[in-house]
Amino acid sequence: MIKHPSFRVEPWALHETELQLELLAQSESLFALSNGHIGLRGNLDEGEPHGLPGTYLNGFHELRPLPYAESQHGAPESSQTIVNVTNAKLIRLLVDDEPFDVRYGELRVHDRVLDFRAGTLTRTAEWTSPAGRTVRVVSKRFVSLTHRAIIGISYQLEPLDGPANIVVQSELVANEQLPLLTDDPRTAGAIESALVSEEHQSRGAAAVLIHRTRRSGLRIAAAMDHIIHGTPKMGIASEVSPDSARVVVTDVLAPGQQLRLFKLVAYGWSLERSLPAMRDQVAAALAAAGQTGWEGLLADQQKYLEDFWARADVEIGGDSELQQAVRFALFHVLQAGARAERRAIPAKGLTGSGYDGHSFWDTETFVLPVLTNTVPTAAADCLKWRHSTIATALKRARELGLSGAAFPWRTIQGEECSGYWPAGIAAFHINADIADAVIRYVGATGEEAFERDFGLEILVETARLWRSLGHHDLQGRFRIDGVTGPDEYSAVADNNIYTNLMAARNLRGAADGCQRHQDKARELSVTPEEMADWRAAADRMFIPYDQRLRVHPQAESFTEHEMWDFAATGPDRYPLMLHFPYFDLYRKQVVKQADLVLAMQLCCSAFTSEQKARNFDYYERITVRDSSLSACTQAVMAAEVGHLRLALDYAAEAALMDLQDLEHNTRDGLHIASLAGTWIALVNGFGGMRDNGGVLSFAPRLPDGLASLAFSIVRRKVCLRVEMSAKTASYRLRPGQGPLEIIHYEEQLTLNGESPVVRAIPESQERDEPSQPPGRAPRAHSPGRTRL
């Protein structure tokens, strides 16, 4: 959709200059604001028209039953669904009794700017009512990154061609009517009227609504207050009912006169706090925000983002479209986790209700690598949330007849919410993904206290899970049978290589951690014999290999399956999961998303360079990318094995996944993992960054069309800046920092805070590109395009 001429390519903003009603739902996701605790879809101020109304609080959910045709042991009985909470974005306007509605009258000017450096969404509209009166409306909203519970909205209007009677209604509305469901399983299950009123009151320009969910028993409070400037004739009144509160401002304005309204809103939710405590909580948050003031809140927001961009920005020379896309991606990844603070990071962040607001393995495998290297405190908070659910994971493992902890495939607060065993519960790799995120975080930060207090228990209990899930066969190999890897078109397979390699890392990581923290290990009842058993399982892990084809099968015997008939599969039959039964997919060679290829990226030392090249070529021919998680991984490995042009196409696909609505479901929320994958494709792909036992190595290489690439990495409290051109790479630390050991193409370098270290980039030999299934090749990306 960003290809539409109404969207401009700008380096630090998403800028829309014309309202397209048919793209409204998608633009609401793109223009969403969040801080990881509160999420606001980019709905119009007046509320209608809309594609999907949305205001979300991280973790706030309702329960709904999971029906089964037949009962099955171990299947969860209920699921959790994110709730569209009390909407405080609404500010309705009437001009001479005509409601401001862009579907009527004439919208003469429409301009929206999502500013990545200011953290604000600004809208300017000039509208002529059906009766002929023209007004200008300028609104600005933000979700505070420094005041976690606060959102702010400014609303300014003036008549342009004559006097006008103005009525502004600033509202809180609960239990909004939502659009009907679709048949796409990636959308959310709608729950009507999820909130039951407990208290509603208003006074002057302030109001509060308190509700509770019917089944999950969660309580939410939303409070608003206003500062309003108008003419001496201005009037202010308020009214309240169980599901709505309204502050009404009336005035008569002549051209040149303005009505200005500043609205602050505080949200809070809890399972345990009493109603009075929740009322006091939001009142206190409003008081603190009011003390800071509107300008102070905006200044704090900008300062927070200045600090973020100083250590997280990725600069691309020669491709303005990709430059905008990577900053859009990083901005939304930050929003998803900045102030989540021991809550999950959902697959859609807080930009929409897709996937019911659930968190998956996406978080640890794609999002946390970005946060670990840019905002490590946010990564730590997410892992601490996982740790807080470990009692539930231990119980879940017992239900499945296993030892250790079995973390859920999809969840909001820790319980398993997947009712489908083959492509959900059987995907045990999520446990190794979580453990890997712990290992990576500790390696990047060196935080021994985090490892001791939070990480080690995760490593130990997931290692125990793997030891009980797998077994040594008659040849002494350690096998993990009957599991599902990242590729959801292959299920309940034996010895999925990704799963086995990640499990081996998990087992070794647990043993190493226990060696470092022996007192904590004893608290967890870990014995030297158990540690030795973990190491033995890791060392004997079975990694299948097809000698005939000289490639690694994704799982044991996978390369012996029948090939999918790609030639007979038309473009209108994708994604395959919506047009073919899973039974047919599971027994054919067709890959939904990178699986073996992801193993080569994350466990790079387990494969030779020749094996990586042959494996990549083989799996390119059968990977259809029906998942947004695939492109970034294929970009990384394409770059490593010498397909730089293809790598750029895949990197662009990850970056533009939502900006161009490539999966046709951006309406339900952004693909946060794909956005994070943009950073992965650029830094791990073209930057060639790998973490080798705690030492960063780089093998930079640029495709034709990109003039330069620069990025920063936060590593053990130092900030490493990497700058690449086609022929050289420069590495430097900030003044006073260091030393830091890194590797450039097998050459060990020692960096300090003095002059940069510059090294040549060897010439890369471009290899012949492999083919993809018919119609499934990535779109060719043309660097350098600028649309104004």
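This is a predicted model: local features need pLDDT of at least 70, side-chain atom pairs count only at pLDDT 80 or more; totals for chains, interfaces and linings use all residues.
Is E315 buried or partly exposed? At 36% relative accessibility, E315 counts as partly exposed.

Side chains of opposite charge can pair when their charged atoms come close. The count for this model is 53 salt bridges. Three of them are set out below.

| Salt bridge | Closest N and O atoms |
|---|---|
| R92 with E171 | 3.0 Å |
| R721 with E315 | 2.4 Å |
| E747 with R759 | 2.9 Å |

Start with R92 and E171, which form a salt bridge. R92 sits in strand β8 (residues 91–95), and E171 in strand β14 (residues 164–173). The two are 79 residues apart, so the pair links distant parts of the chain. R92 is partly exposed, at a relative accessible area of 27%. E171 is buried, at 4% relative accessibility.

Next comes the partner of E315. A salt bridge joins R721 to E315. R721 belongs to strand β29 (residues 718–724), while E315 belongs to strand β21 (residues 314–317). The pair therefore ties together parts that are 406 residues apart in sequence. R721 is buried, with a relative accessible area of 13%.

E747 lies in strand β32 (residues 747–751), and R759 in strand β33 (residues 757–760). They are twelve residues apart. E747 is partly exposed at 31% relative accessibility, and R759 is partly exposed with a relative accessible area of 29%.

Salt bridges can also share partners: D45, E46, R123 and R141 are joined into one network this way.

Notes:
Residues are numbered from 1 along each chain as its sequence is written. Side-chain values use heavy atoms; hydrogens and water are left out. A salt bridge is a side-chain nitrogen of Lys or Arg within 4 Å of a carboxyl oxygen of Asp or Glu. Helices (H or I, at least four residues) and strands (E, at least two) are DSSP runs, numbered from the N terminus. Buried means under 20% relative accessible area, exposed over 50%, partly exposed in between (1.4 Å probe, protein chains only).
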